Amino acid sequence: MNTNKSNFDEQTINQAKETAESFLRNNYENIQTIEFSEEYSNPMGGLMIRGTVNEQEDANFSIDIDIDSGDKLQVGSIGKGKDFPEEKEECKEKFCDY
């Protein structure tokens with residue numbers, strides 16, 4: 001199975017990274033740095049952005065990106081490592097705008 005960035009064009013990957021970064025900064029406390037990995041697809045072939053925040057290996061994340069019919073990118077779900085920052089209080093019930 002091909003799980004690298006060749007499944008998606010560079011523009012889509014860049015938009016997905018921007019969406020993921022905006023989501024993280026608007027929904028979580030104390031995000032200083034965000035580093036993305038070079039792997040962009042999930043086992044089902046969908047678009048997933050992975051990386052770490054604040055230069056901590058255990059503050060890792062994987063964000064599933066949904067592409068709607070108008071080619072708008074949205075966060076579908078997020079998986080977080082054990083040392084990932086806390087959600088902002090106002091974003092605990094539902095995702096804050098990003």
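A: One term before we start: contact here means heavy atoms within 4.5 Å. With that in hand, α1 lies across β1, β2, β3 and β4, and its direction is at about 60 degrees to β4. Keep in mind that this is a predicted model.

Q: Okay, what order do the strands of that sheet come in?
A: The order is β1-β2-β3-β4, in an open sheet of four strands with antiparallel pairing. The edge strands are β1 (34-36) and β4, each of which pairs on one side only. On average, neighbouring strands of this sheet are turned by 35 degrees against each other, direction ignored.

Q: And how many bridges join β3 and β4?
A: Seven bridges, in the antiparallel sense, between β3 (residues 60-67) and β4 (residues 73-80).

Q: Which residue takes a positive phi in the hairpin of β3 and β4?
A: That's Asp71, with phi near 65 degrees. The hairpin has five residues between the strands.

Q: What about β1 and β2, how many bridges there?
A: Three, again in the antiparallel sense, with β2 covering residues 47-53. Phe36 has Gly51 in β2 as its bridge partner.

Q: Switching topic: is Asn27 buried or exposed?
A: Buried, because its relative accessibility is 1% and the cut-off for buried is under 20%. Asn27 belongs to helix α1, which spans residues 10-27.

Q: Which residues does Asn27 touch?
A: Leaving out residues up to four places away in sequence, Asn27 touches Glu87, Lys88, Cys91, Phe95, Cys96 and Tyr98.

Q: Nice. How many salt bridges does a search of the whole structure find?
A: Four. One of them joins the side chains of Glu21 and Arg25, at 3.0 Å from N to O. These two are about one helical turn apart, because they sit four residues from each other in helix α1. Glu21 is partly exposed at 30% relative accessible area, and Arg25 is partly exposed at 34%.

Q: Where in the chain are Asp58 and Lys82, the pair that links distant parts?
A: Asp58 and Lys82 form a salt bridge, with the closest N and O atoms 3.8 Å apart. Asp58 is in the loop between β2 and β3, while Lys82 is in the segment after β4, 24 residues apart. Asp58 is partly exposed at 34%, whereas Lys82 is exposed at 70%.

Q: And what does Lys92 form a salt bridge with?
A: With Glu89, the closest N and O atoms being 3.4 Å apart. Lys92 is partly exposed at 41% relative accessible area, and Glu89 counts as exposed at 59%.

Conventions:
Residues numbered from 1 in each chain as written. Predicted model: local features only at pLDDT ≥ 70, side-chain atom pairs only at ≥ 80, totals over all residues. Heavy atoms only, no water. Buried < 20%, exposed > 50% of the residue type's maximum accessible area, 1.4 Å probe, protein only. Pairing = 2+ DSSP bridges. Axes fitted to C-alpha atoms, helices over the stretch in contact; angles between N-to-C directions.
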